[in-house]
Amino acid sequence: MERLALITIILPFVGAFIVGLNKKHFAQIATVFAALATLGTMLVAGQWFADGHQSVTYDIVAFDKTAIFGVTLDAVSTLIAFAVVALGFLICLYSCGYLTDKNREHPHNGLPRFYAFLLIFIGAMAGLVYSSTLAGQLLFFEITGGCSWALISYYQTPKAQAAAMKALIITHVGAIGLYIAAAYLFSQSGTFSITALEHLDPSAKTIVLFGVMFAAWGKSAQLPMQIWLPNAMEAPTPVSAYLHAASMVKVGVYIFARSVMSAGEIPHIVGEVGIIMAMITLIYGFLMYLPQTDLKRLLAYSTITQLSYIFIGISLAALGSKLAFVAAISYIFNHAFAKSLFFLVAGSLSYATGTRSMPLLQGIMRTMPVVGAGFGVAALAIAGVPPFNGFFSKYPLFAAGFELGHEYGWITWLMVLALIESTATFVWLLYKFGQCVIGKPSEAVAKAQPITLSMSVVLVVLMVMSVCSSFIAAYWLGLAG
């Protein structure tokens with residue numbers, strides 16, 4: 001299994017090298033390598049299941065008996081690895097149709113560097129998710145930062161370059177926390193292995209977990225390091241869909257979840273600080289996306305609030321709720337598909353009409369039924385309406401929160417506040433759906449050009465996954481029980 005996992009990590013890097021050498025067919029080559037990496041995650045998951053679906057760790061790179069890099073295969077890593085790599089493949093496929101001179105907002109034929117950096121990002125995400133050590137996580141954490149800079153600045157406009165630099169600086173400030181966590185873990189235990197967290201004394205455990213949490217805030221755009229994400233919408237929309245819905249922003253919540261999962265008994269201060277900061281960010285994100293007219297910026301602030309829910313779940317898990325941890329991991333998995341769908345709907349609208357301004361987008365369903373349906377499915381999934389996947393993430397999270405509220409009364413009030421935000425989000429997205437999708441087409445929509453076959457296929461797949469992913473997550477995470 002460790003060889004399969006290693007091949008899955010390395011394949012995208014090899015693909016990136018080959019893509020960089022090709023001046024023709026590079027988009028197709030990138031898509032093939034992304035598909036092979038996706039197959040790799042499925043084979044790893046299948047082998048793990050066949051071998052008894054027990055958590056296993058393999059040390060791959062060691063120095064003087066100290067593991068520097070290894071892979072941990074369990075229900076969490078195999079599930080999330082499939083999500084981040086499979087979505088990378090779908091983004092590659094979508095980009096084949098989107099990055100052309102027929103795009104009305106950005107008429108531009110894709111360059112090899114776009115696909116090369118996207119493949120490197122896919123490989124880095126696989127490496128980070130499988131990694132069994134903080135040193136390994138740190139390596140891939142830094143690679144994702146470099147790739148995000150390259151992809152956000154892809155169009156090379158002054159605004160795109162400024163946004164990319166802001167993202168690079170802020171996320172690397174966050175990385176300081178992970179450096180401190182890795183160094184302190186090694187100084188206290190003599191190893192970088194994440195499982196060593198369980199054997200630390202409470203004060204050392206608190207320092208390491210706060211270091212990881214700080215790094216997570218940077219990558220997952222939580223206060224006080226949230227400002228880079230809305231500005232990063234200068235990137236091509238497929239980049240926004242991958243980096244800012246499925247992968248980069250999920251790095252933070254994933255490394256925090258992995259540390260909480262491995263730490264055993266956790267000092268309550270970690271969960272208390274985590275949930276309070278998540279609630280502040282939740283309210284901030286909600287208030288910020290209400291006035292937005294650009295669909296991508298609205299989705300950026302919406303992403304900040306959705307990540308806050310995941311932080312709430314992980315923080316509740318740090319306070320002792322197993323149900324909250326399952327809900328948080330399900331949320332990472334489900335949100336990746338639903339929010340990617342929403343971003344790619346925005347990309348399809350800009351491709352077809354030349355604008356993302358919602359006041360100019362009306363009557364989408366009449367001229368672009370697939371895009372209109374995607375808008376509706378994504379909105380309902382993000383709002384948490386059954387039978388879409390968002391409901392099966394939010395419901396257990398709220399159930400865990402109110403259950404823990406019997407022990408910590410203040411948590412009940414925070415969960416009530418989160419429930420109000422969730423309801424308000426549903427109302428707001430329903431209003432936007434009625435404004436943009438239903439009714440007589442506006443001038444821009446009436447003159448829309450058809451989207452490409454590859455774009456349509458990806459939207460349909462993501463619509464299906466926005467219903468089915470919750471059942472996949474529930475079954476797979478149930479194996480860990």
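Predicted model: local features only at pLDDT ≥ 70, side-chain atom pairs only at ≥ 80, totals over all residues.
On the α5 side, the residues making the contact are Leu134, Phe141, Thr144 and Gly145, and they meet Val208, Val212, Ala215 and Lys219 of α7. Sorted by class, that contact comes to five nonpolar, two polar and one charged residues. As for the geometry, α5 runs over residues 134–152 and α7 over residues 202–219, and their axes come within 13 Å while crossing at roughly 20°. Angles under 35 degrees count as roughly parallel, and α5 and α7 are therefore roughly parallel to each other.

Helix α5 has another partner in α6, which spans residues 158–189. Here the axes sit 9 Å apart and the packing angle is about 175°. Since anything over 145 degrees counts as roughly antiparallel, α5 is roughly antiparallel to α6. The class breakdown for this contact reads 17 nonpolar, five polar and one charged residues.

Turning to α6 itself, Ile170 is one of the residues in this helix. Its relative accessibility is 15%, and with the cut-off for buried set at under 20%, Ile170 counts as buried. Setting aside neighbours within four places in sequence, Ile170 touches Met225, Ile227 and Trp228. There is also a link back to α7: Lys219, one of the α7 residues in the contact with α5, has its C-alpha atom 8.3 Å from that of Ile170, although 49 residues separate the pair along the chain.

Ile332 has a relative accessible area of 2% and is buried. Once neighbours within four places in sequence are left out, its contacts are Ile80, Lys250, Val253, Tyr254 and Ile310. Ile332 also pairs up with Ala245 over a stretch of sequence: the two are 87 residues apart along the chain, yet their C-alpha atoms are 9.5 Å apart in space.

As for annotation, the unreviewed UniProt entry places a domain, "NADH:quinone oxidoreductase/Mrp antiporter transmembrane", over residues 133–412. In the model, that span is 76% helix and 0% strand. Its end C-alpha atoms, at the two limits of residues 133–412, lie 35 Å apart.

Methods:
Residues numbered from 1 in each chain as written. Heavy atoms only, no water. UniProt positions renumbered as here; feature names shortened; annotations may be inferred. Helix = DSSP H or I, 4+ residues; strand = E, 2+ residues; numbered from the N terminus. Axes fitted to C-alpha atoms, helices over the stretch in contact; angles between N-to-C directions. Parallel < 35°, antiparallel > 145°, perpendicular 65-115°, else oblique. Contact = heavy atoms within 4.5 Å. Nonpolar A, V, L, I, M, F, W, Y, C, P; charged D, E, K, R; others polar. Buried < 20%, exposed > 50% of the residue type's maximum accessible area, 1.4 Å probe, protein only.
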